Each structure stands twice: as structure tokens, then as C-alpha cells.
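Please keep the sequence and the coordinates in view while reading.

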Amino acid sequence: MFYEDNENLTIMTYTLNSGIKGTVPLSNKQIQEWIECYRTDAKFITAIGKEFFGLNPELVADFKVHNRFSNYAEVLKPVGNPPAEANTDQLSKAYEENRVYFKVDCKCGTTYTTFSQYYTTKWYCSKCNEIVFLDKKKGKVPTEKGDAWYMTNKYYVSRD
């Protein structure tokens with residue numbers, strides 16, 4: 001039997017591609033396992049208390065881990081002792097390199113380019129708060145910030 005430390009649980013909220021939202025309490029170890037499953041598209045199955053929970057990452061549009069209830073912390077230590085400014089520049093560059101750009105084209109008439117640290121298949125329009133979906137068939141389109149994934153709600157987007 002698979003046992004976990006259920007005293008230090010963190011709430012994870014996820015949204016399925018269908019728009020249905022769900023929450024699940026997970027331990028720090030389970031969160032790390034979920035993130036690995038999400039990265040590799042492997043099905044996530046775990047024990048929560050006496051119940052089993054399964055989630056298929058291919059059906060999850062996005063997720064959020066609410067860390068305020070967790071004692072989990074990952075400490076990153078720089079190699080050597082470069083000046084503080086160099087660390088800040090390195091960190092800024094690392095975040096910029098990991099950005100995923102999206103061009104949002106909403107039926108309300110709003111068009112803009114935005115970014116996230118994570119790839120996602122849906123977004124919310126910043127003006128009308130309607131959901132826009134990733135058009136995988138159209139793929140990436142050129143923008144002033146570089147190539148970006150195209151997201152829209154102007155027509156039906158296949159979410160396969």
C-alpha cells in the first residue's frame with residue numbers, strides 16, 4: 001500500500017480542457033510526482049488517505065498549486081560568488097528564456113500578445129474575461145515579441 005504524509009497537504013486547482021475545474025489536496029512529494037507526470041504526459045495515480053486519485057495530464061489545460069498551506073520550499077544556490085547584479089541579470093534572463101508567448105484574438109475585438117511560464121491550451125481575455133483556446137492547427141504566428149501560439153474564440157477550435 002502507498003502511504004503519504006497527509007498532515008502537510010497543499011491544494012492544487014486544475015482546469016480540464018472542457019473547462020471543468022477541480023481541486024485536490026496533495027503532499028509535497030505528490031505535487032512533484034504530478035509535475036513530472038504533466039511534463040511527460042504520463043497518467044498520475046496516487047493515494048490520498050484511503051482513496052485513490054487519478055488524473056490524465058493530456059486532459060488538463062492548466063493547474064495551480066496554492067503554496068500558502070505548504071511548508072515546501074526549493075532553495076536555489078548560485079555557483080561561486082558573483083556580484084548580486086550578475087545574479088539578478090542571470091535570473092531575469094532565465095525567466096525570459098522560459099517564456100511561452102501567446103497571441104490572443106478574442107471575439108470582443110481585443111488582440112494582444114501575452115506570455116506565461118507554462119504552455120497552456122486556454123487563456124482568459126484580459127478585456128472581457130471570455131475563454132480563448134489554443135488553435136494547434138494554426139500553430140505559431142509572428143508577433144512583435146517573436147513567434148507566439150495563436151489563441152482565439154472567434155471560431156470553433158478542436159481541442160484534441
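**Cores, cysteines, a loop and a hairpin**

In the largest nonpolar core, which has 14 residues, M12 and L55 touch the most other members. A nonpolar core here is a set of buried Ala, Val, Leu, Ile, Met, Phe, Trp, Tyr and Cys residues joined through side-chain atoms within 4.5 Å. Buried means under 20% relative accessible area, exposed over 50%, and partly exposed in between, with a 1.4 Å probe and protein chains only. At least two residues of this core come from each of β1 (10-16), β2 (21-26), α1 (28-40), β3 (44-48), β4 (51-55) and β5 (60-66). Helix α1 gives the largest share, four residues. Helices (H or I, at least four residues) and strands (E, at least two) are DSSP runs, numbered from the N terminus.

The model is predicted: local features need pLDDT of at least 70 and side-chain atom pairs count only at pLDDT 80 or more, while totals for chains, interfaces and linings use all residues. Residues are numbered from 1 along each chain as its sequence is written, and side-chain values use heavy atoms, with hydrogens and water left out.

Beyond its neighbours within four places in sequence, M12 is in contact (heavy atoms within 4.5 Å) with G22, T23, V24, L26, W34, L55, F63, K64, V65 and H66. Another core, of 10 residues, lies apart from the largest one and includes F102, Y112, W123 and L134.

How many disulfides does the rule give? With a disulfide defined as a pair of cysteine sulfur atoms within 2.5 Å, the count is zero. For C106, the closest cysteine sulfur is that of C128, at 3.5 Å, which is too far for a bond. C106 counts as buried, at 0% relative accessibility, and C37 also counts as buried, at 14%.

T120 sits in the loop between β7 (111-116) and β8 (122-124), and is buried, with a relative accessible area of 5%. A polar atom of its side chain lies 3.1 Å from the backbone oxygen of A61, and the T120 side chain also reaches the backbone oxygen of K122 at 3.2 Å. Leaving aside neighbours within four places in sequence, T120 is in contact with A61, D62, F102, L134 and M151.

Strand β10 runs antiparallel to β11 (residues 146-152), joined by four bridges; two strands pair if DSSP finds at least two bridges between them. P142 stands opposite D147 in β11, and a hairpin of two residues connects β10 to β11.

Key: Polar contact = N/O pair within 3.5 Å; in protein donor to acceptor, adjacent residues only side chain to side chain.
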